[in-house]
Amino acid sequence: MKKILFLLVLALGFVSCSQDENFEQTPPLTTRSSSSFSLFQDVNTYAQSINGQIYCPYEATYTFTFTFVGSPGSRYFVGMSGANNLTPSNGSSHRTVTATLKPGFNYFDVSVSFSGEGQRAEARLVIDKINGSPIYNEEGYVDLAISAFSQIHNPGGPGGGGSEPYHWTCPNCNTINSTTVDYCVGCGRHK
Ligand SMILES: [Zn+2]
């Protein structure tokens, strides 16, 4: 009888303890996951970049259109899960990109940079198709679009002219990522 009572007390203690923990540890959910494919979600916008993520329940092929218009001296950088980074050196400023996205969250980032004063640029990454089919029922933003002005002043002045590092290199897979994203677009590793 003593033993049963002891077990009962133990069990009650455990139940109340785990209830407390559940209550305290309920995290604020900022990321949705769903059983179907998603478009851009959890979109963050910064002065010269914008990023978001796409959730895939299983592997999928996404087709994107990328467009860039900018002043001479301005540049773009697009980091994508499942595809090579897009930069002015590896293709045209208007192109179609196909990326194979892995199951889970895939990270995307579009950023622009400037070399001098008075420059401006616009870049846009649009989702056209999933697995070859036009998108209908998926949830989220269809595009990541950024429009930015140069914030460089007096580039030749003393102490000026240095540009902030806009990117970080993933130690795991060597993908170059924007400083505005906390997760590697190549492998999902935290910065
Ligand atoms: Zn990585």
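How many bridges join strand β3 (residues 60-70) to strand β5 (residues 94-101)? In this predicted model, the number is 8, and β3 and β5 run antiparallel.

Strand β3 has another partner to look for. It pairs with strand β7 (residues 120-130), again in the antiparallel sense, over 9 bridges. Here T63 stands opposite K129 in β7.

**An open sheet**

Now turn to the open sheet of 4 strands, whose order is β1-β2-β6-β4, with antiparallel pairing. The edges are taken by β1 (41-45) and β4 (75-80); each has a single partner strand, so one side of each is left without a neighbour in the sheet. From one strand to the next, the twist averages 10 degrees. The pairing of β4 with strand β6 (residues 104-113) is antiparallel and spans 6 bridges. If you trace it, you will see that F77 has S111 in β6 as its bridge partner.

| Strand pair | Sense | Bridges |
|---|---|---|
| β3 and β5 | antiparallel | 8 bridges |
| β3 and β7 | antiparallel | 9 bridges |
| β4 and β6 | antiparallel | 6 bridges |

**The nonpolar core**

Next, look inside. The largest nonpolar core holds 31 residues, and I54, Y76, V78, F108, V110, A123 and L125 are those with the most contacts inside it. Two or more residues each are given to this core by β2 (49-56), β3, β4, β6, β7 and β9 (143-149). Its largest share, 5 residues, comes from β7.

Leaving aside residues up to four places away in sequence, F108 touches F40, N51, G52, Q53, I54, G79, M80, S81, L125, L144 and V185. Among these contacts, I54 and L125 also belong to the group with the most contacts inside the core.

**Two residues with positive phi**

Finally, which residue in strand β1 deserves a look? That residue is D42. The phi of D42 is near 50 degrees, a positive value in a residue other than glycine. D42 counts as partly exposed because it has 17 C-beta neighbours inside 10 Å.

N131 also has a phi near 50 degrees, and it too is a residue other than glycine with a positive value. You will find N131 in the loop between β7 and β8 (133-134). Is N131 buried or exposed? With 10 C-beta neighbours inside 10 Å, N131 counts as exposed.

Key:
Residues numbered from 1 in each chain as written. Predicted model: local features only at pLDDT ≥ 70, side-chain atom pairs only at ≥ 80, totals over all residues. Pairing = 2+ DSSP bridges. Axes fitted to C-alpha atoms, helices over the stretch in contact; angles between N-to-C directions. Core = buried A, V, L, I, M, F, W, Y, C linked by C-beta atoms within 7 Å. Buried ≥ 20, exposed ≤ 12 C-beta atoms within 10 Å, placed from the backbone. Contact = placed C-beta atoms within 7 Å.
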